[in-house]
Amino acid sequence: MMGAVWSLLGILSGAFIAIQAPINSQLARGLGLPVAAAAFSFLSGAIVLGIISISAVKLQGISLDWKAPAPWLFIAGGMLGGFYVTLSTILTPRIGAAALMAFLVAGQLIAGMLIDRAGFLGVAVREISLGRVAGAVLLLAGALLIRLY
């Protein structure tokens, strides 16, 4: 039962990404600068997440251990997210939302396979099999078909 719930939440999260791209592209058209649209998108998200975090800390009676994570982790995720949002804002009006989502998923899968293979940041090591490579090639071929036809 919970597996189905997690899967549905994953689908919902993917839908939010697809919806976010044209919203940010429209914001960029209005502002005249894609990176500004990405910055305001991140700012609004940071404010909402900050409020949720403060509420969760108070409700659960916990304190955050600011010394535990490596310092670069405080910047890396946001920096990568900034690139993603900015590039999605630029690419959506040029190649369309469906093609962008297809290439995003293909890129995520390829990167995920490399992350699994290397065991990056403690991820369980998983070999790159012929089946995984075939799946990635088919996904990339699908992305190209969505883009070109």
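What follows is a chat about a predicted model of one protein chain.

Biologist: What does the secondary structure of the protein chain come to?
Modeller: Remember that this is a predicted model. The chain has 5 helices and 0 strands. Read from the N terminus, the elements go α-α-α-α-α.

Biologist: And what does the C-alpha trace span along its principal axes?
Modeller: About 50 × 45 × 35 Å.

Biologist: How many residues is that, and what share count as buried?
Modeller: There are 149 residues in the chain, and 17% of them count as buried.

Biologist: OK, helix packing. How do α1 and α4 cross?
Modeller: Helix α1 covers residues 2-31 and helix α4 covers residues 97-118. Their axes come within 10 Å and cross at roughly 130 degrees.

Biologist: So what do we call that, oblique or roughly antiparallel?
Modeller: Oblique, because roughly antiparallel would need an angle over 145 degrees.

Biologist: Is the crossing left-handed or right-handed?
Modeller: The crossing of α1 and α4 is right-handed.

Biologist: Which residues make the contact?
Modeller: On the α1 side they are Ile-17, Ala-18 and Ala-21. Helix α4 brings in Leu-100, Met-101 and Leu-104.

Biologist: Switching to Asn-24. Where is that one found?
Modeller: Asn-24 sits in helix α1.

Biologist: Buried or exposed?
Modeller: Asn-24 has a relative accessible area of 5%, so it counts as buried, the cut-off being under 20%.

Biologist: What is Asn-24 in contact with, leaving aside neighbours within four places in sequence?
Modeller: With those left out, Asn-24 is in contact with Ala-37, Ser-41, Val-85 and Thr-89.

Biologist: New topic: which residues does UniProt list as "transmembrane region"?
Modeller: The UniProt entry, which is unreviewed, lists residues 36-57, 69-91, 97-116 and 128-148 under that name.

Technical notes. Residues are numbered from 1 along each chain as its sequence is written. This is a predicted model: local features need pLDDT of at least 70, side-chain atom pairs count only at pLDDT 80 or more; totals for chains, interfaces and linings use all residues. Side-chain values use heavy atoms; hydrogens and water are left out. Axes are lines fitted to C-alpha atoms, for helices over the stretch in contact, and angles run from 0 to 180 degrees between N-to-C directions. Helices (H or I, at least four residues) and strands (E, at least two) are DSSP runs, numbered from the N terminus. Angles under 35 degrees count as roughly parallel, over 145 as roughly antiparallel, 65 to 115 as roughly perpendicular and the rest as oblique. A crossing is left-handed if the near helix is turned anticlockwise from the far one by less than a right angle, and right-handed if clockwise. Contact means heavy atoms within 4.5 Å. UniProt positions are given in the numbering used here, feature names are shortened, and annotations may be inferred rather than shown by experiment. Buried means under 20% relative accessible area, exposed over 50%, partly exposed in between (1.4 Å probe, protein chains only).
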